[in-house]
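Please look first at the sequence and the model together, and keep both in view while reading.

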Amino acid sequence: MTTRTVKNPKPKNLPDNHLQGKRLGTSLPCTVMEDSPNDTPTIHGPEDVAKFFLPIMLHKTKEQFMLALLDTKNKIIATPTISIGSLSASVVYPREVFAETIKYPCASIILVHNHPSGAPMPSREDIAVTERLVKAGKVMDLPVLDHIIIGNKKYCSLKEKGNMG
């Protein structure tokens, strides 16, 4: 089992700037890192992703599916929200994920979503969506590095579990 407790959930240098993205007439938040490249978080592994996203997703009452868009040095350049679902589900389509990635000069992406129940273990749907997005990423020549599920101060890495397709 690859569920871990995150010790320090507060990210460093989280900017307060938010852009509004449009998706099917719904306004969704997107954080863009506008500080100097040295101030943005560098992702070395799943724990770095969890530390960054835990404060954002911890108290959400609905599932939210977000992306960490990374540059060539694995620094986060943007964190768009792709979908806000219900208490137990979020609908994610590859076309919406990759339409968002084309807006930024990203070299790779990490999928991130929360489980409001607090249990970060992946469902069959989570694994199926991950496999579809990994395949689409290969077609787009945009690697999907991991899928992190955030729970109650815990996370699960689908890459570490071997569920990346």
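What follows goes from the overall layout to the strands, then to a pocket, the salt bridges and some individual residues.

This is a predicted model, in which local features need a pLDDT of at least 70 and side-chain atom pairs count only at pLDDT 80 or more, while totals for chains, interfaces and linings use all residues. Residues are numbered from 1 along each chain as its sequence is written, and side-chain values use heavy atoms, with hydrogens and water left out.

The protein contains four helices and eight strands, where helices (H or I, at least four residues) and strands (E, at least two) are DSSP runs numbered from the N terminus. Followed along the sequence, these elements come in the order β-β-β-α-β-β-α-β-α-β-β-α. Of the 165 residues in the protein, 48% are buried; here buried means under 20% relative accessible area, exposed means over 50%, and partly exposed lies in between, with a 1.4 Å probe and protein chains only.

Seven of its seven residues are buried, so β6 is largely enclosed by the rest of the structure. In a regular strand the side chains alternate between the two faces of the sheet. In β6 both faces are covered, with S108, I110, V112 and N114 buried on one side and I109, L111 and H113 buried on the other.

Which strands pair with β6? Two strands are said to pair if DSSP finds at least two bridges between them. Strand β4 (residues 64-70) pairs with β6 in the antiparallel sense over six bridges, and within this pairing M66 has V112 as its bridge partner, while L70 has S108. Strand β7 (residues 144-150) runs parallel to β6 and is joined to it by six bridges, with H113 standing opposite I149. Together, β6, α3 and β7 make a right-handed β-α-β unit, a crossover being right-handed if, with the strands pointing away from the viewer, the path from the first strand over the helix to the second runs clockwise.

Strand β4 deserves a look of its own, as seven of its seven residues are buried.

On a 1 Å grid over the protein atoms alone, a pocket is an open set of points with protein on both sides within 12 Å along at least five of seven lines, and lining residues have an atom within 4 Å of a point; the volume is the space filled by probe spheres set on the points, which are joined across faces, edges and corners. Of the 16 residues lining this pocket, E63, S90, S123, E125 and D126 are the closest to its centre. Helix α3 (residues 124-140) gives the largest share of the lining, five residues.

Side chains of opposite charge can pair when their charged atoms come close. A salt bridge is counted when a side-chain nitrogen of Lys or Arg is within 4 Å of a carboxyl oxygen of Asp or Glu, and by this rule there are two. One joins E47 and K51 at 3.9 Å, N to O; both residues lie in helix α1 (residues 46-57), four residues apart, about one turn of the helix. The other joins E100 and K103, whose closest N and O atoms are 3.3 Å apart. Here E100 is buried at 12% relative accessibility, whereas K103 is exposed at 53%.

Most residues other than glycine have a negative phi, and most peptide bonds are trans. Against that background, D141 has a positive phi near 55°; D141 sits in the loop between α3 and β7 and is exposed, with a relative accessible area of 67%. K153 likewise has a positive phi, of about 60°, and is found in the loop between β7 and β8.

Notes. 1 Å grid on protein atoms, 1.4 Å probe; cavity = no way out; pocket = protein on both sides within 12 Å on 5 of 7 lines; lining within 4 Å.
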